[in-house]
Amino acid sequence: MEFINEFMPLIMFTAVFALLLLGFPVAFTIGGVSLFFGLYGFGPGFFELLPLRIWGTMTNFSLLAVPLFIYMGVMLEKSGLAEELLEAMALVFGKIRGGLALSVIFVGALMGASTGIVGATVVTMGLLSVPTMLRNHYNKSLTTGIVAASGTLGQIIPPSIVLVLLGDIMNVPIGDLFVAAIIPGFILVSLYMLYVFIIANIKPEWAPPVDQKILDQITRHELLAKIFKALIPPLILMISVLGSIFAGIASPTEAASVGAIGATLLTILHGRFNFQIVKNVMDMTTRLTCMVFIILVGASTLGLVFRGLGGDDLVRGLITALPFGRAGILFIVMSIIFIAGFFLDFIEITFIHVPVLAPIMIHLGVDPLWLAVLIAVNLQTSFLTPPFGFSLFYLKGVTPSEIKTTDIYKGIIPFVIIQIIGLGIICLFPESVTWLPKVVF
């Protein structure tokens, strides 16, 4: 019995993980299991502090950025900007091999920086670009891999919701995190483009150039006007949001409100704004925000019980006892998060694993800013790894019937490897994360 009590935190953690894999709702699983083990370990008096803990979390000013960034992303999805931007970039890159694929990556990165919502970006890019790439005789696996991977760039390119959540959990300034994530995001975009360029030259039949007849139908002046119209609005929005943070004019939460207003104005300017759009955007924003915050309440309960049962000391003792040194322990922590990404989504990992694993690494002297960006890049991979990679589900739901699930799974393998390579580069060169915040701030 004493042995069971000693390892009660790990038993609780295992129970949560098992129930999630069985398909039980995330928030209620986390909260329910925590209440059961808390009552078993301490009785009802232990939870007297829980309402104050939840109240402190829910009134956190930084977390107000979450619904505002969600609103911004959903509103931009309805504005039609992605469609115009993709058409313009396809004409710019169309003459070279793999040009259409390069334009998808570029637009995915820009939409990620504008919206920060992976689901919205993947669905939009899937609807617009997959049929176009198939008409241009692109390989099915390459097509689906590019769209799925480029749609996840919103996880690391600021403003990103996962960076807001990580900053709050790890007590890292969100503005610092936004600046620190710019170079890692650029590294991933560059690696994606390099892969497409190489594969298009090794196997030209996989990624042919756009038909010259299509390119000849538009004059140089018309092309420049099309690029200007499509590219400038999202760039202005991105600069207004991030620039206000970097210049010290606004906090990330205040900048999120700038982004929400900017996205609404862009939708108005594009003539897409109406009552039904507002209703749909409000509905989706409310649903996504409620999902995040109800999981946050469950995670607060889990954290309270886990620490009360001595889970922090137990896990810290188990990991620090490993004879690998700080680098080896970092590898193990990143591996745990990577493997969890096969079965859980980024919100669940952020609220369940990060509060347990991050303090151990910070205790060992790891820079929390660098660690937060490493975790964000790692969490991005969770969208692509089967069997529960959400980008794969989003993409399958909007692709033509000729695209099979096996095509999508085969297509994402190179991009998962690329993300691991990108994670390795950031691990080997911490300055890729820490240099820019020092310069800016």
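Predicted model: local features only at pLDDT ≥ 70, side-chain atom pairs only at ≥ 80, totals over all residues.
Student: How many aromatic pairs turn up in the whole structure?
Tutor: A search of the whole structure gives three. One of them is Phe36 with Phe37, an edge-to-face pair at 5.5 Å centre to centre with 85° between the planes.

Student: Phe36, is that one buried or exposed?
Tutor: Exposed, because its relative accessible area is 55% and the cut-off for exposed is over 50%.

Student: And Phe37, buried or exposed?
Tutor: Phe37 counts as buried, at 10% relative accessibility.

Student: OK, what about Tyr195 and Phe415, how are their rings arranged?
Tutor: Their planes sit at 80°, so the pair is edge-to-face, and the ring centres are 5.3 Å apart.

Student: Where do those two sit in the chain?
Tutor: In distant parts of it: Tyr195 is in helix α12 and Phe415 is in helix α23 (residues 405-428), 220 residues apart. Phe415 is buried, with 1% relative accessible area.

Student: Switching to the surface, which residues make the nonpolar patch of about 410 Å²?
Tutor: Leu194, Phe197, Ile198 and Ile202. Ile202 belongs to helix α12 (residues 182-202), and Ile202 is exposed at 58% relative accessible area.

Student: Last one: where is Thr285?
Tutor: In helix α16, which covers residues 275-308. Thr285 counts as buried because its relative accessibility is 9%, and the cut-off for buried is under 20%.

Student: What does Thr285 touch?
Tutor: Leaving out residues up to four places away in sequence, Thr285 touches Pro67, Ile70, Tyr71 and Val74.

Conventions
Residues numbered from 1 in each chain as written. Heavy atoms only, no water. Helix = DSSP H or I, 4+ residues; strand = E, 2+ residues; numbered from the N terminus. Buried < 20%, exposed > 50% of the residue type's maximum accessible area, 1.4 Å probe, protein only. Contact = heavy atoms within 4.5 Å. Patch = residues over 30% accessible without salt bridge, like charges linked within 9 Å, V, L, I, M, F, W, Y side chains within 5 Å. Areas by Shrake-Rupley, 256 points an atom, 1.4 Å probe, with all protein chains shown as cover. Salt bridge = Lys/Arg side-chain N within 4 Å of Asp/Glu carboxyl O. Phe/Tyr/Trp six-rings, centres within 6.5 Å; stacked < 30°, edge-to-face > 60°.
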